[in-house]
Amino acid sequence: MDPFTIFATLAAISGGVSARASYISGRVQEDELKRQAEQEKLAAQSRELQRRQELNRALASNMVGMGQSGLAGEGTPASIALASAKQVGISEGAISLTDKLRQAQLRRAGSQAAQTGKLQAASTLLQTGTQIAGAYQGYVQSQTPAKE
């Protein structure tokens with residue numbers, strides 16, 4: 001086997017292994033970021049549940065306090081409680097939106113990592129092809145007798 005064939009074979013194998021490693025690295029990053037997005041979703045649901053429980057306790061406490069002070073559940077105290085509940089609802093919506101945006105960002109980053117891995121793999125293969133072509137051209141020139 002001539003030296004060029006050995007070099008070309010080794011370069012092709014090396015390039016293929018490097019390309020595969022880049023591709024797999026991108027996929028692993030994508031999977032990790034998707035897993036983080038899912039964890040963030042579960043954490044957001046847990047935080048939302050906790051906030052709602054706190055709100056319910058606060059509203060119940062307000063109602064008990066009004067009842068003990070002899071106030072009915074109507075009129076100004078009830079209006080204040082309703083306004084407070086609406087304000088909390090708006091805040092909940094903003095927090096929920098922020099959580100969803102964070103999850104979407106993690107998913108996009110995962111997709112981008114996978115795409116980057118694919119591009120790196122393609123780049124490695126192209127570089128390997130270029131190296132082999134350059135080596136082949138040098139080999140051919142070294143095998144051609146010089147004209148005098």
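In which helix does T128 lie? The legends below take up this residue after an overall view.

**View 1. The whole chain of a predicted model.** This is a predicted model in which local features need pLDDT of at least 70 and side-chain atom pairs count only at pLDDT 80 or more, while totals for chains, interfaces and linings use all residues. Residues are numbered from 1 along each chain as its sequence is written, and side-chain values use heavy atoms, with hydrogens and water left out. The secondary structure of the protein chain comes to 2 helices and 0 strands, where helices (H or I, at least four residues) and strands (E, at least two) are DSSP runs numbered from the N terminus. Of the 148 residues, 18% count as buried, a word that stands for under 20% relative accessible area, with exposed meaning over 50% and partly exposed the range in between (1.4 Å probe, protein chains only). The chain exposes about 10500 Å², of which carbon and sulfur atoms supply 59%; such areas come from the Shrake-Rupley method with a 1.4 Å probe, and for residues only the protein chains shown count as cover. Among contacts (heavy atoms within 4.5 Å) between residues at least 6 apart in sequence, 88% join residues at least 24 apart.

**View 2. The surroundings of T128.** T128 lies in helix 2, which covers residues 76-143. With a relative accessibility of 10%, T128 counts as buried. When its neighbours within four places in sequence are left aside, T128 is in contact with A11, A12 and G15.

**View 3. A nonpolar patch that includes M1.** M1, I6 and L10 make a nonpolar surface patch of about 370 Å². Patches are made of residues with over 30% relative accessible area and no salt bridge, where like charges are joined within 9 Å and nonpolar side chains (Val, Leu, Ile, Met, Phe, Trp, Tyr) within 5 Å. M1 itself is placed in the segment before helix 1 (3-68), and M1 counts as exposed because its relative accessibility is 80%.

**View 4. The salt bridge of R27 and E30.** The structure holds 8 salt bridges, each being a side-chain nitrogen of Lys or Arg within 4 Å of a carboxyl oxygen of Asp or Glu. In one of them the side chains of R27 and E30 meet at 3.2 Å, N to O. These two residues are separated by about one helical turn, because they stand 3 residues apart in helix 1. R27 is partly exposed at 34% relative accessibility, whereas E30, with a relative accessible area of 8%, is buried.

**View 5. The salt bridge of R35 and E32.** Here the side chains of R35 and E32 meet in a salt bridge, with 2.4 Å from N to O. Because R35 and E32 are 3 residues apart in helix 1, about one helical turn separates them. R35 is partly exposed, with a relative accessible area of 39%, and E32 likewise counts as partly exposed, at 31% relative accessibility.

View 6. R52 and E48 bring their side chains together in a salt bridge of 2.7 Å, N to O. They are 4 residues apart in helix 1, so about one helical turn lies between R52 and E48. R52 is partly exposed with a relative accessible area of 45%, and E48 counts as partly exposed at 24% relative accessibility. Elsewhere, salt bridges that share partners join E40, R47, D99 and R102 into one network.
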